[in-house]
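Let's take a friendly walk through a protein assembly and see how its chains meet. Please have a look at the picture first.

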Amino acid sequence: MGDWVTQQLPALLILVPFTAAPFAYLLGAGYDRQTALLSAALTQPLAAFLALTVVQEGPVRYAIGGWGGPLGIELAADGFSATMVLVTSVVGLLVTVYGLRYFGDLERYRFFWPLWLFLWGSLNALFLSADIFNLYVCLELVSMSAVALVGLTLRREALVAAMRYMLAAILGSLFYLLGVALFYGAFGSVDMATLRETVRPDVAGQAGLALMTAGLVLKTALFPLHFWLPPAHSNAASPVSAVLSALVVKGSFFILVRLWIDVAQPEAFPGASVVLGVLGSSAIVWGSVQALRQERLKMLVAYSTVAQIGYLFLLFPLASGGGQAASDAWVGGIFHAVSHALAKSAMFLAAGIVLARFGHDRLEGLGGLSRRAPVTAMAFGLAGVTMMGLPPSGGFIAKWQLIKASIGSGQWWWAVVVVAGGLLAAAYMFRVVGPFFAREAEDLDDSDLDPGPSPVTMDGAALALALGALVLGVAGQPLIDLIMVGAPALVAGVTP
Amino acid sequence: MRAAALALCAGVGVLLGRAVLSMPETEAGVAPLIEANLAASGVKNPVTAVLLNFRGYDTLLEIAVLVLATIGVLSLSASKPGTWAPVAAQADPVLSALARFLAPVMVLVSGYLLWAGEHAPGGAFQAGSVIGAAGVLLALSGYARPAWVSRFALRAAISVGFIVFLGTAAGSMLAGGTLLEYPPELAKTLIIVVETWLTVSIAAILISLFIASASPAEQLRRRTESEW
Amino acid sequence: MVSQTDLYTLAGALLFVIGLYGIITRPHLLHKILALNISSAGVFFVLVGIARRVPGPTPDPLPHAMVLTGIVVTVSSTAFALALAKRIYTDTGVAVLDASDIEAEERTGG
Amino acid sequence: MVSWLPTWVALAAALVPLAVAGGCALPRVRDAARRLVPLAALPALAAAVLVPEGSAAIGWLVTGVTVQVDDTGRAFLALSAMIWTAAALYAAARPVERPARFAGWFSLAMAGNLALCCVSDPAGFYTFFAMMALSTYALVVHEGPSRRDAGRAYIVFTVAGEALLVCGLFVAGAAAAGIAPGTTLAVAGTVLVLLAFGIKIGALGMHGWMPLAYRATPPAAAAALAGSMSTAGVLGLLRFLPGGDPAAAVLSPAVMALGLAAAFYGAIVGVTQTQPRVVLAYSSISQFGFVTVALGVGLAEPGVWLIAVSAATVYGVHHGLAKAALFLGEDVAARSRRRPAALAALGLPAFALAGAPLTSGAVAKIVLKEATAVAPGVWNDALETLLPVAAVGTTLLMARFLYLVATREAAGSQEPAGGRDLPAAAAWGLLLAAVAGALWLWPAEEVAYAAGKSLTAHYVWLAAWPVVLGTAIAAVAWAARGLSGRFVGVVPPGDVYAPVLGWAARLTAVRDERPYAVPKAAAVPVASSSTGGPTQLDGAGAIENGLLAWATAISAVAALTVLLLLLASRV
Amino acid sequence: MSWEGAALLMAVVAPFATAVGIFALGEARERARSAVNLIGAAVTVVAVLACATAAWSAEPGRHAAVGIDLLDIGFGLKADMLGALFAVVAGVLWLITTVYATGYMSHASDRARFFGFFSICVGSAIGIALSKNLLTFFVFYETLTLATYPLVVHSGTPAALRGGRTYLMYALPAGGALAAGVVWLNLLAGPVEFAAGGSLDPALAASHPTALVVIFALLMLGLGVKAALFPVHGWLPAAMVAPAPVSSLLHAVAVVKAGVFGIARVVLEVYGPLGPELGVTQLLAALAGFTIIFGSVRALAQDDLKKRLAFSTVAQLSYITLGVALASPIAIAGGLAHLAHHAAMKITMFFTAGAVAEEVKAYRVSEFDGLGRRMPLTMAAFSLAALGIVGVPPVAGFASKWLLGVGAVDAGTWWVIAVLGVSSVLNAAYFFPIIHRAWFREPKAEWAGGPPTGQPEGDLRMVVPLVVTSLLGLAMGLMAGADLSPASWASAVAGWGLPW
């Protein structure tokens, strides 16, 4: 049994949520939450198990239908994939637990569970796929479930935001698919392992890469293409916002990294990596500036996501040189993705509690929150530590690595951006946290909306995620070992 | 604005064309491999072989997309999901007569399409669409609220294809293979089983998509107050 | 010398950018969705064109399979997008994304 | 000398008053403790007599304290013990308000004063010196708000002195720790030590506090202050001036000049004063001028330092006793119903100070002459001629003092207050006896020699003529009151220092500011609600809205694609 | 793990665990909370004393240490003499402050939050003290930065929020500068350990002189903010809006000392001989000297007592920096001794400020006339501490000043002596008026009779701690020469800390 599970791990990670999804829909009211919980309770250990296997036995390959690439489709789990699957499972489990009470058995929110399970399964499928066309299907699955979740509240702003997101997502997928077509035309395969051997820096190939990049950048909401993210993430129901900011944007980023660092080599496409770095830096600055201007908590957090996404894209210029700096950047970028996932979901979950309790999330209305909802306030504050990149936190380790990479690779200007970004983050975080300690609790209007103290499962989920982000800052070594398993040649460097 | 957009699109077009033309004249791709393994796939049509066997996983996910889209649409729809909303108060007699005559024929046609899919273009999607059309026709002609259809039945119909597909996939794993690894001798049978149930689901999906989006606006409005 | 296949593929590219232009410029959601479908048709053209590049009579089945999968995916997403657009229209009375598009919408009489 | 007494006993004995001070702070035992104050200095007196020569290091105390018993220390310890005992007895006889409090600060100052006589290391000396000087502030201002100016004058000068002293002692301390400071630092250190103790002894330019403080302090405390505590400054100089260090020789002329100037300045300004105690203050300034001269001579060359030391010691003791007696006598005379007798008794310390024959003054002046005789070159003659002239000045001062005391009632300034006259008079009597006998019973042989010499005709004449001359001038001035009266009161007490003190007052005046720790919180107004993005639209907001518009955004996608495709085409 | 390792971990973990316990117990269960708090503080004291023992008994250059590795970063703790000095000060004073705070906060709200973050601050301070390398230090340093904020803004008044904002405006950029410096240094020299006599390879001074100077500047900027060095001292007076226990323990001891302690670590145990060689320590000394005078002058005219104390702190902290920056073991001993001495004296004065504010609602110096009659013990303790700050023997301040002065002679820097002299005068100028008002001015009518009959002069939970700390200050000075006194301890540190 045990080794059967070991063999089938990648498939199981996809099958479990995908099986749970239709059943959650089929069984409907009364059983959907249990189904989701059961699926989460199964998937999370599987993900942990996968990570363990990868660390112990190296990268895992899985030939679907027994054909293997390039004829068939393969699943592949190296350190990067396993990491993303793992963080997905952690965030997913806690969001599920949070959702149990957040949505309760409200008829209106019944659709959350099947949609969310679809999203979870699609994310796993995406992170595990080793076939660029299959990735297109995964992208569509992820996007559509995400969009459907955004529209879940049926509020007008939410619906418009969902529409905007939907169109952007489909367009992104089309660009990506066109790129896939060109790749196939140029190199005759859609299997990454094969492509890794055959890919050449010729016009068609680079054009394909260019198109895929454009589409994925759009889906990742990198500045200046972030137009769809703030409305979508801020108007969705909070658990949805959490998943979107924490995981969904990372999905398209994951594919970008695969294509750039793993399949193709950045130096095979000179200049483009710098473009991505510049856009990333602009995102850091612009997103933070916008976050500073917001007056609603969830808008601020959404813009913070826009800013934090920027850090991820520093990976491309920093890794392009190879060597130690590249592997520092590799660890830094992925570590940032992980810690941001944990912290940002914690923030949105906390924001959700605020909204649920006090009926609004106006910043100037949050005075005295630390008295009214201490655990919530603390969860938000702790998550903020990672956002600012202050030690001890995963954010700090990530920035530490990025700064090291930029100085180590002689591109010190990226380091300046990183430090400046940290200060800006501190500025907008304390715009939120400061008023928490204000004396006048009457700011929080006790409308009859207030359902009283938030349930321990919700507070607990938010706090656990925030603490997780902090723990990464001191006990992150295992994760780093995992990230480095089967790292692409370019960044394998010397294991830090 | 429009001028700028036009210029940009033109730019994309030109560069894209250049890239397309720069592709190698001939590129075998995986065609030879497909030829070589066609026999083991359980179907004669190479495209179907790719769809249902070599890259059956894509198809699995594609069904997932379909079911997901349906659930998404239903989540947006006004009336309680899965119920048959009254569409036409009373249909005109001609339409209903035509519907009564056509519906069985369409079911028959879809059966043929399903069977043909194994060697010629066709299969679950075509078959499902035809039945779906029949359902739409019935709905339009006022037959669309038969008492024997419960919500659960519709939900079951929507998801059964996907569930069966997943079941065979899981079965192949339990049988010791990998995901969707059909034993050659069983491949054909399994594929036909999956295709059949997919036909049911696709039909149900098309019908419910039609019904779900055909609901009066005031019902929609009622459900959009006091959100948090 | 541009071959027949190339023309076919180029047509696909052209369709793609035509759709792209429509997506940018047409304010009405329905138009945008249709434009998206035009673009995807373009992509499928390109794929079919690529399928023709194999030596020998029978085209490469893989791109065809991709196209079929792509079509289903596009159909699904179109369905969902349409439902969403309809819902927005019933709730807000207009089917546009930006407030700025409303008058543009009225001008084009969508 | 009892050889079995360890050296540290001296310090222990000197610190007995500390315990008394502690007692005075405790509400319960306060009244009992206050009665013990007159006895507090007796152990120190005993130690001065009994503890044998020697030194002992107490490592753990502060930064390591060296207890030192030698002839110099012994002399000052005995002097201080006598004066403090007399003063304490006198204080016990005179009612003061809040007596326990007075007794406490009194004992604390006493402890510091006595203890500093027993230590020789910089840190230890500074410790007790500070204890003495700072607790004296409480004595200066004890009689209430009317004394605030005097108090400020005292504390400003004291603090400055402490600061200068500690800086000077750093150098000494470094030297003690075996670190050789460079010449510059050594000289600087010497200057600092001179300035610091100069303030204590009211050396010229550092004397501003003395008249005010002497006038303000209650009589008993004033006696201790003028007689003992100021003299402690002399001990400080003896201990920490680098006598015998050639580096310091450059300072010798300056110091001698300073001393001479002080001697005359004190006399000239003093005679114009209108209050007896202020006159006494200026006489102290003048008298310490003589001591300063001796020290200046000592600095000139290594060989003569020891002579200077003994001269300074003897003169310090003589002046201390006489001055203390004068202060107590002034108060006795002011309160006593038999003023003529008191005035007569006051004559003794007055004449002693003037250096009249047969008084301790005559002996002290001879010891001083021994020192000035070895002054280098021209200074020798200068001092030879100028010091007797200064002695004339001293006589004038004393005359002025007695005149003021005698005529005070006419001035009608002070009513005889209550209190027990007899014990007070007895306490004063003790001091008078000390003044009369101290130098004749002094064990050191050079003093005995000088005492003997002072009885020879030559020295009687030398001692007598300035006094006679001075008395004559005083008589003339009294005769010509109309003329001399013009000079009376032209110089305010504390002369040039009035502006300095005003400045000090402004320096420490508080600026009125709202305190941070406001007890109650004011509520913050709740801002109006806002939905979606920011309500106010600045530049960044406008740009962002542009970016959020669909058309712009998708055009940006196209633009990015073009850019990347262009990059792609560069192959 | 050896008992030393256990002690190290316990010393850092105990306060954090206490914080968790306090947060968990929440606002309502006060009794249990106070119990947890006191027990935690007591355990911490035992642990830090154990660390001190370990440091004392270890032969020079070898220390007990524990740690974990992350990337090329080794997070770790070690028990060395220098660290133990600060750790013991922070731990012991925390215990006392806890007692005081229970009294002071007895009517306040949000006590769970207060005491929780308070414990975190202390834990971070002890972590700073026991950090084994620059990076661990940095981690705890930033933790301290953040955990202090909720305490500064605790009262929640607009003034408090303003103060908090000011604090962050200084602290966060400083953190950025520190981060940059730390990363850069780590890249230049590899993981930077703290080692007696400096851990940097002297060859670096030749190869990267400019980089080292810039890094030093960055580090000093980062540490200087907490050390309240001119011109980045502005936050400290603003932060006085915090409750008295915060001002007492954090803004007189833990937080600000963390800054100077960091400076000591960097100057003595990272740069070592490179400092004077590059000429940076001389500059640092000059800056510290200026700050001493500047802070004292600014303190002169402050009417608000806490603000006056804050400026005094600004000046006094620079004594430590100055001592560390002078190239003389004696001066260094003086500076480090002042770390403990100033802590004991200044905490007493802030305790007093709080006790007076609570008891008689007097906040300004000008309201102190005759207060000595009303609160004799309290004001006696205050006066004793004030004399100590002025440098009047035998109170602690004198011992450190003495060592500093003699060290200055040793280093041949005459201007330091001048600075010390002037600063003593100024210290007297801003403290003696308070003493004068309290003891020599006529009190208000209701104070004239002394404390209300039959009652103590104030809440004993406040009076006793401040008397204890003032006596501590006296003892530290009176027995400065004794073994294990802070002064001797500091001398021992300086002794082995300076091979050059």
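This is a predicted model: local features need pLDDT of at least 70, side-chain atom pairs count only at pLDDT 80 or more; totals for chains, interfaces and linings use all residues.

Residues are numbered from 1 along each chain as its sequence is written, chains are lettered from A and ligands numbered from 1 in the order in which they are written, and side-chain values use heavy atoms, with hydrogens and water left out.

**Who touches whom**

- Eight pairs of chains touch, and chains A and B have the most contacts among them; contact here means heavy atoms within 4.5 Å.
- Chain B and chain E do not touch, and 29 Å separates their nearest C-alpha atoms.
- Chain C and chain E have no contact either, with their closest C-alpha atoms 38 Å apart.

**Where chain B meets chain A**

- On this interface, 55 residues of chain B contact 61 residues of chain A.
- The size of an interface is often given as the accessible area lost when the parts come together.
- Chain B and chain A bury about 5,400 Å² between them, with 73% of it on carbon and sulfur atoms; buried area is the accessible area (1.4 Å probe) that two parts lose on being put together, summed over both.
- How many salt bridges are counted between chain B and chain A? The count is one, where a salt bridge is a side-chain nitrogen of Lys or Arg within 4 Å of a carboxyl oxygen of Asp or Glu.
- That salt bridge pairs the side chains of B:Arg55 and A:Asp131, at 2.8 Å from N to O.
- There are also 14 residue pairs in polar contact between chain B and chain A, both residues being at pLDDT 80 or more. A polar contact is a pair of N or O atoms within 3.5 Å; within protein, one must be able to donate a hydrogen and the other to accept it, and residues adjacent in sequence count only if both atoms are side-chain atoms.
- Elements giving two or more residues to the chain B side include α1 (2-21) and α4 (56-76) of chain B; helices are DSSP runs (H or I, at least four residues), numbered from the N terminus.
- The largest share of that side, 14 residues, comes from α4(B).
- By type, the chain B side has 33 nonpolar, eleven polar and eleven charged residues. Here Ala, Val, Leu, Ile, Met, Phe, Trp, Tyr, Cys and Pro count as nonpolar, Asp, Glu, Lys and Arg as charged, and the others, Gly among them, as polar.

**Where chain B meets chain D**

- Seven residues from chain B and ten residues from chain D take part in this contact.
- The area buried between chain B and chain D is about 700 Å², and carbon and sulfur atoms give 84% of it.

**Backbone details**

- Most residues other than glycine have a negative phi, and most peptide bonds are trans.
- A:Phe223 and A:Pro224 are joined by a cis peptide bond, with omega about 0°, and A:Pro224 sits in the loop between α8 (203-220) and α9 (229-235) of chain A.
- Another cis peptide bond, also with omega about 0°, joins E:Phe230 and E:Pro231.
- A:Leu154 has a positive phi near 60° and lies in the loop between α5 (132-150) and α6 (156-187) of chain A.

**A surface patch**

- Helix α18 (residues 412-436) of chain A gives the most to a nonpolar patch, with three residues.
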